[in-house]
Amino acid sequence: MALVKFPNINAPSAATHDHARPDRHQHRGRTEGGADRPVVRGVDKKSIGAVARDTNDLVSRARDGKLQPDEYSGGTFTVSNLGPYGIETFIAIVTRRRPPRWLSALRQKAVVVDGQIVIRDRMNITVSADHRVTDGAEAAQFVGEVRRLLENPLALLM
């Protein structure tokens, strides 16, 4: 939903194309073990459940080495979670072969709420994008939209 609202974040890197422009499709790639990124196609047209099922199927087949080449090519945005490795924040490098990436880790943190210190789940979000296609202000607005959606999960169902 955030990629549809901010299409420049979904643009292929200018380094790979003479004229970078937003991709009209949203295909999410997910890195598993540093290898190929299985691509869930058309996530903007699927329910959260369908995306989860497709992701689980692709990841399972990727681990077994059973993906076809078209199932790990053509991703327009890669989501990586380095939390299992103890990484809270990481800034990805945009290369000619990698689309922009959103990286995150969920951690419990002590935060102040109404003057009291309480434990809350917190997540750092970073996005790497090509400045020849977008700028920091738009990237910040994109991350703000991702935050809004994550903090209001019912909005993801609309």
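Trainee: Where in the chain is the place of T134?
Mentor: T134 sits in the loop that runs between β5 (116-128) and α3, where helices (H or I, at least four residues) and strands (E, at least two) are DSSP runs numbered from the N terminus. This is a predicted model, in which local features need pLDDT of at least 70 and side-chain atom pairs count only at pLDDT 80 or more, while totals for chains, interfaces and linings use all residues. Residues are numbered from 1 along each chain as its sequence is written, and side-chain values use heavy atoms, with hydrogens and water left out.

Trainee: Does T134 count as buried or exposed?
Mentor: Buried means under 20% relative accessible area, exposed over 50%, and partly exposed in between (1.4 Å probe, protein chains only). T134 has 7% relative accessibility, and therefore counts as buried. Across the chain of 158 residues, buried residues make up 33%.

Trainee: Which residues is T134 in contact with, leaving aside its neighbours within four places in sequence?
Mentor: Contact means heavy atoms within 4.5 Å, and with those neighbours left aside T134 is in contact with N8, I9, A129 and A139. The C-alpha atoms of T134 and A11 are 8.5 Å apart in space, although 123 residues separate the two in sequence. The side chain of T134 is also joined to that of E138 by a polar contact of 2.4 Å, a term for a pair of N or O atoms within 3.5 Å, of which, within protein, one must be able to donate a hydrogen and the other to accept it, residues adjacent in sequence counting only if both atoms are side-chain atoms.

Trainee: What pattern does the chain follow, read along the sequence?
Mentor: The chain has three helices and five strands, and their order along the sequence is α-β-β-α-β-β-β-α. Of the contacts between residues at least 6 apart in sequence, 50% join residues at least 24 apart.

Trainee: Which residues of the largest nonpolar core touch the most other members?
Mentor: A nonpolar core is a set of buried Ala, Val, Leu, Ile, Met, Phe, Trp, Tyr and Cys residues joined through side-chain atoms within 4.5 Å. The largest one here has 13 residues, and A2, L3, I9, F77, V127 and F142 touch the most other members. Two or more residues of this core come from each of α1 (2-5), β3 (77-81) and α3, and α3 gives the most, with five. Apart from its neighbours within four places in sequence, F142 is in contact with A2, L3, F6, I9, F77 and V127.

Trainee: How many salt bridges does the structure hold?
Mentor: A salt bridge is a side-chain nitrogen of Lys or Arg within 4 Å of a carboxyl oxygen of Asp or Glu, and the structure holds seven. In one of them R61 meets D57 at 3.2 Å, N to O, and both residues lie in helix α2 (residues 48-63), four residues apart, about one turn of the helix. R61 is partly exposed because its relative accessibility is 22%, and D57, at 38%, also counts as partly exposed.

Trainee: What network of salt bridges links K5?
Mentor: K5, E145 and R148 are linked in such a network. R148 and E145 meet at 2.9 Å, N to O, and lie three residues apart in helix α3, about one turn of the helix. R148 is partly exposed, with a relative accessible area of 37%, whereas E145, at 8% relative accessibility, counts as buried. Another salt bridge joins E151 to R147, with the closest N and O atoms 2.9 Å apart, and both of these residues are exposed. E151 and R147 are four residues apart in helix α3, so about one helical turn separates them.
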